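User: Hi! I'm new to this one, could you walk me through it?

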Amino acid sequence: MRRRWNVSPTAIALVFLAFYVGLRYGMPGWDAKWVAPEVHFRIVTSVALIATVLGAAVGVAGDRLRNLKVIFVGLAFLSLVGLVTLHALSSSGVWAPANR
């Protein structure tokens, strides 16, 4: 008979949290700062374009299936595209001048 591991998800989360805290505060030199607003803009914009295509495809599929729930999922994707696009445009130096 096989024995199953009886470990709760809370215990696993606490182990990962302890590992994170140990690295974060025990090794401060490993916490490098990476500032690249142009790269951030390109990555977030590409994610927004992918989400636009997926949202439109889900919306069209929902319309063809005449399923209102699927259409709402497509609209949810498209509404998130607006937030992600605003996030991309608010990167330092893209929409407004960088003041940091």
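Here is a chat that goes through the helices, the loops and a few distances.

User: Thanks! Before we start, what kind of model is this?

Analyst: It is a predicted model.

User: Okay, helix 1 then. How many of its residues are buried?

Analyst: Of the 18 residues of helix 1, the number buried is zero, so this helix lies largely in the open. The helix covers residues 9-26.

User: What span should helix 1 have, and how far apart are its ends?

Analyst: At 1.5 Å a residue, helix 1 should span 26 Å. Its end C-alpha atoms are 25 Å apart, which agrees.

User: Which residues form a nonpolar patch on the surface?

Analyst: Leu14, Leu17, Tyr20, Val21 and Tyr25 do, and together they have about 550 Å² of accessible area. Leu17, for one, sits in helix 1 and is partly exposed, with a relative accessible area of 48%. That value counts as partly exposed because it falls between the 20% cut-off for buried and the 50% cut-off for exposed.

User: And Gly26, buried or exposed?

Analyst: Gly26, also found in helix 1, counts as exposed at 52% relative accessibility.

User: Let's move on to helix 2. Which residues are buried there?

Analyst: In helix 2, the buried ones are Val44, Ala48, Ala51, Gly55, Gly59 and Gly62. What covers them includes helix 3.

User: Several of those numbers are three or four apart. Why would residues with that spacing point the same way?

Analyst: An α-helix has 3.6 residues a turn, so residues three or four places apart point the same way.

User: Nice. What about the span of helix 2?

Analyst: Helix 2 has 29 residues and should span 42 Å at 1.5 Å a residue. The C-alpha atoms at its ends are 41 Å apart, which agrees.

User: Where does Val39 lie?

Analyst: Val39 lies in helix 2 and counts as partly exposed, at 32% relative accessibility.

User: Now, what follows helix 2?

Analyst: Arg66 follows helix 2, and its phi is positive, near 55 degrees. Arg66 is a residue other than glycine with a positive value, and its place is the loop between helix 2 and helix 3. Arg66 is exposed too, with a relative accessible area of 75%.

User: On to helix 3, then. Which residues are buried?

Analyst: Gly74, Val81 and Ala88 are buried in helix 3. Seen down the helix axis, the buried residues fall within an arc of 35 degrees, so they line one face of helix 3. They pack against helix 2.

User: And which exposed residues are on the face turned away from that buried side?

Analyst: That face of helix 3 carries the exposed residues Leu68, Lys69, Phe72 and Leu83.

User: What about its span?

Analyst: Helix 3 runs over residues 68-89, and its 22 residues should span 32 Å at 1.5 Å a residue. The end C-alpha atoms are 32 Å apart, which agrees.

User: Last one: where does Ala32 lie?

Analyst: Ala32 lies in the loop between helix 1 and helix 2, and it is exposed, with a relative accessible area of 66%. Ala32 and Leu83 are 51 residues apart in sequence and 28 Å apart in space, C-alpha to C-alpha.

How values were computed
Residues are numbered from 1 along each chain as its sequence is written. This is a predicted model: local features need pLDDT of at least 70, side-chain atom pairs count only at pLDDT 80 or more; totals for chains, interfaces and linings use all residues. Side-chain values use heavy atoms; hydrogens and water are left out. Patches are made of residues with over 30% relative accessible area and no salt bridge: like charges are joined within 9 Å, nonpolar side chains (Val, Leu, Ile, Met, Phe, Trp, Tyr) within 5 Å. Accessible areas come from the Shrake-Rupley method with a 1.4 Å probe; for residues, only the protein chains shown count as cover. A salt bridge is a side-chain nitrogen of Lys or Arg within 4 Å of a carboxyl oxygen of Asp or Glu. Helices (H or I, at least four residues) and strands (E, at least two) are DSSP runs, numbered from the N terminus. Buried means under 20% relative accessible area, exposed over 50%, partly exposed in between (1.4 Å probe, protein chains only). The expected span of a helix is 1.5 Å times one less than its number of residues. The arc is that of the directions from the helix axis to the C-beta atoms. Contact means heavy atoms within 4.5 Å.
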